[in-house]
Amino acid sequence: MNKIVVQFDDSSFDMHKSSPFENMPYKKQLEVKDEYLKQLFKEVNYDLSQHHIVENPSPEFYRHKVILSAVNIKKNNKFELKLGLFIEGSKQIDPKINHHIQDKEINDALIKIEKILLKYKIRAHNRFEPKGTLKHVLMRKSASTGKMLLVLVTQSTLLPNHKLIVKDIISECPNIMTVVQNIQDRETPVVLGDKDKILYGKGYIYDEIDGIEFRIHYKSFYQVNPYQMKNLYHYALEQANLNKNDMVVDTYSGIGTITLLASVKAKQVIGIEVNQNAVLDAKFNQVLNNIENVEFICDDVERSLVNIKQIDTLIMDPSRDGASRNFLETVLRIKPKKIVYISCDPKTQIRDLKSLLNDYEIKSVQGFDMFSYTAHVENVVLLSLK
Ligand SMILES: C[S@@+](CC[C@H](N)C(=O)[O-])C[C@H]1O[C@@H](n2cnc3c(N)ncnc32)[C@H](O)[C@@H]1O
């Protein structure tokens, strides 16, 4: 079986390490991930021998965001457009839409979309086909509403017959609420470009967590596994154990999911996020949900945290790279009483914890299997000021 490379919209991510997971029984995957965390936390002398990662409520069909790339395949002496994932270690695309970790309705919609693109003779753009149009297709589905967002990533603004294409897509897939054309004119593994054009709808979809509604821009980060996302947020906030006197800072706050969920329990929450689209969503979501005790700052956390004098609880949920040295130094100067560190790469999390453990002690560690059939592990650590 070919090993796949899943694409993220900020960069192309090689799932090299994760390929053995593709064919591993699910229980075994959990054991391997338990052992991984156990070994990793030995580096900070924290015993995880009794720890068990929280199982994915839906180990298959969980991904509510899918990015496929376009390729032209020769059939009966003619080239046909196909969508698929990259094959590991190569620049080749496996021309297959269905994948068992992708939401079934997304799979079905993508099959219909591929047929429609073929009907209008859209060709894939790549280095062998510089005159082709389509590079990638991105789909996101809201688990609470079932509505979907579609992004067609093209090489230039040109998308012949786009009105007819969109009309057919909407009629075949009525749950698609919005279609965006994103233009990526650079030859780069980065999927999305800077320019875009809304072809249909508003350019957003909405999801709901614990009675709070969230607008999600296609460029904003939002967890791909809605089933495990709720378990993760509930656990993280349970560990934070907030009360109405607490001043909370949620760093790397995205569209404000954790910020707004935390605001229900805390006195004041500040969310800090660098992605402008995500901050626009977050501010919109604050108003949409009528929440007053929250402020969102659009900036690099490293730059803006230095301006904050006092924090009772710091929540941090960085990208895979983890936190920067300067960010951690600022944290050590402010000395929040508690830190809830949510990580999608426990390796960088351990590196960061090592810088904090002179002043902080680990109170709890809990892994979550958010990305079954891949090597990725989500992990939450609660730290308390010594
Ligand atoms: C793993 S996501 C978490 C988002 C949010 N907490 C959630 O659960 O939806 C990490 C977020 O950090 C943002 N980010 C990455 N580096 C940053 C930085 N230096 N300063 C501020 N935000 C950053 C990304 O844009 C992304 O939205």
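Around the ligand stand 20 residues, the closest being F221, Y252, G254, V274 and D317. A residue belongs here if its C-beta atom, placed from the backbone, lies within 6 Å of the molecule. Helices (H or I, at least four residues) and strands (E, at least two) are DSSP runs, numbered from the N terminus. By class, the shell holds 10 nonpolar, six polar and four charged residues. Ala, Val, Leu, Ile, Met, Phe, Trp, Tyr, Cys and Pro count as nonpolar; Asp, Glu, Lys and Arg count as charged; the others, Gly among them, count as polar.

This is a predicted model: local features need pLDDT of at least 70, side-chain atom pairs count only at pLDDT 80 or more, and totals for chains, interfaces and linings use all residues. Residues are numbered from 1 along each chain as its sequence is written.

Next, the domains. Domain 1 covers 15–59 + 221–385, and domain 2 covers 65–209. These bounds come from an automatic or database domain assignment. The C-alpha centres of the two domains lie 31 Å apart.

Now the helix pairs. Helix α3 (residues 104–119) packs against helix α4 (residues 162–172) at an angle of about 150°, with the axes 10 Å apart. Axes are lines fitted to C-alpha atoms, for helices over the stretch in contact, and angles run from 0 to 180 degrees between N-to-C directions. The angle makes α3 roughly antiparallel to α4 (a label for angles over 145 degrees). K112, I113, I116 and L117 of α3 meet I165, D168, I169 and E172 of α4. Contact requires C-beta atoms, placed from the backbone, within 7 Å. This contact has five nonpolar, no polar and three charged residues.

The axes of helix α9 (residues 325–334) and helix α10 (residues 346–356) come within 10 Å and cross at roughly 40°. From α9 come L328, V331 and L332; from α10 come D352, S355 and L356. They divide into four nonpolar, one polar and one charged.

Technical notes. Parallel < 35°, antiparallel > 145°, perpendicular 65-115°, else oblique. Contact = placed C-beta atoms within 7 Å.
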